[in-house]
Amino acid sequence: GRGFSGVDPRSLGKSRSVYVGNLPPSVTLAELCDLATPYGLLESMRFMPSSTYAFLNFIHEKDAISFWESGQSNGVMLRGNRLFLNWAKAPPLDPQVVRLVDSGATRHLQVSNISDQTSHRQLAELFKQFGDVESIKLQVSSGAAQVNLTNISSAAAAKEALNGLTMGGNPQWTLQVNYTQPKPIN
């Protein structure tokens with residue numbers, strides 16, 4: 001078939017951007033990111049929840065190639081749907097994002113020193129001002145959370161703004177925000 005721009009996607013050649021089609025209804029950002037995580041670091045994604053497709057933009061072309069090749073050989077499945085993977089035109093990679101990645105940045109933030117009264121909703125409200133939140137894994141008993149945003153630039157902005165922020169006027173709850181690697185999928 002032809003892509004949405006009327007161009008045969010196979011003519012685009014390899015890139016760091018992969019079109020993912022035939023998504024099941026009501027797929028989540030977290031499910032999409034979990035698909036790509038084993039292959040490499042995602043810089044960003046474009047996803048319209050009411051659509052059956054998304055674009056995953058890897059930092060490195062070699063990671064996009066590995067993901068694409070797995071779709072061609074074994075098939076990538078999500079909730080029983082075999083996904084269609086094809087090349088997409090990659091947006092330019094911002095040199096600032098490259099510098100951030102070289103210094104350890106990811107889309108994944110470990111947030112520690114949070115109150116045991118902190119809710120998932122409160123964290124979502126706090127982080128969504130920086131961009132789309134893929135997922136939040138709250139670990140109340142350890143006073144921590146992993147917050148995954150959909151792109152590295154948003155995660156960097158959140159880290160910059162929130163690291164050292166005192167919550168509720170209580171110095172005991174001064175946030176510590178650091179980059180982390182995604183947790184392996186079990």
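Residues are numbered from 1 along each chain as its sequence is written, and the model is a predicted one in which local features need pLDDT of at least 70, side-chain atom pairs count only at pLDDT 80 or more, and totals for chains, interfaces and linings use all residues. Side-chain values use heavy atoms, with hydrogens and water left out.

The protein chain contains five helices and ten strands. These elements are DSSP runs numbered from the N terminus (helices: H or I, at least four residues; strands: E, at least two). The radius of gyration is 18 Å, close to the 16 Å that the globule rule gives for 186 residues, so the chain is as compact as a globular protein of that length. The radius is taken over C-alpha atoms, and the rule is 2.2 Å times the number of residues to the power 0.38. Along the principal axes, the C-alpha atoms fill a box of roughly 60 × 35 × 25 Å.

Of the 186 residues, 44% count as buried. Buried means under 20% relative accessible area, exposed over 50%, and partly exposed in between (1.4 Å probe, protein chains only). Among contacts with a separation of 6 or more, 66% come from residues 24 or more positions apart. A contact is a pair of heavy atoms within 4.5 Å. The chain exposes about 9,700 Å², and carbon and sulfur atoms supply 51% of that area. Accessible areas come from the Shrake-Rupley method with a 1.4 Å probe; for residues, only the protein chains shown count as cover.

Strand β3 spans residues 53-58, and six of its six residues are buried, so it is largely enclosed by the rest of the structure. Tyr-53, Phe-55 and Asn-57 point one way, while Ala-54, Leu-56 and Phe-58 point the other way. Strand β1 (residues 17-21) pairs with β3 in the antiparallel sense over five bridges. Pairing requires at least two bridges found by DSSP between the strands. Here Val-18 has Leu-56 as its bridge partner. Strand β2 (residues 42-47) is also antiparallel to β3, again over five bridges. Phe-47 stands opposite Ala-54. A hairpin of five linking residues joins β2 to β3.

Helix α1 is mostly covered, with six of its eight residues buried. These are Leu-29, Ala-30, Leu-32, Cys-33, Leu-35 and Ala-36. Their cover includes β2, β3, α2 (61-73), β4 (77-78) and β8 (133-139).

Strand β9 (residues 144-149) is mostly covered, and six of its six residues are buried. Ala-144, Gln-146 and Asn-148 point one way from β9, and Ala-145, Val-147 and Leu-149 the other way. Strand β7 (residues 108-112) pairs with β9 in the antiparallel sense over five bridges. Ser-112 stands opposite Ala-144. Six bridges join β8 to β9, also antiparallel. Lys-137 is the bridge partner of Gln-146.

Most residues other than glycine have a negative phi. Asn-22 has a positive phi of about 65 degrees although it is not a glycine. Asn-22 sits in the loop between β1 and α1 (29-36). Its relative accessible area is 30%, which is partly exposed. Ser-26, in the loop between β1 and α1, has a positive phi of about 60 degrees. Ser-26 counts as exposed, at 57% relative accessibility.
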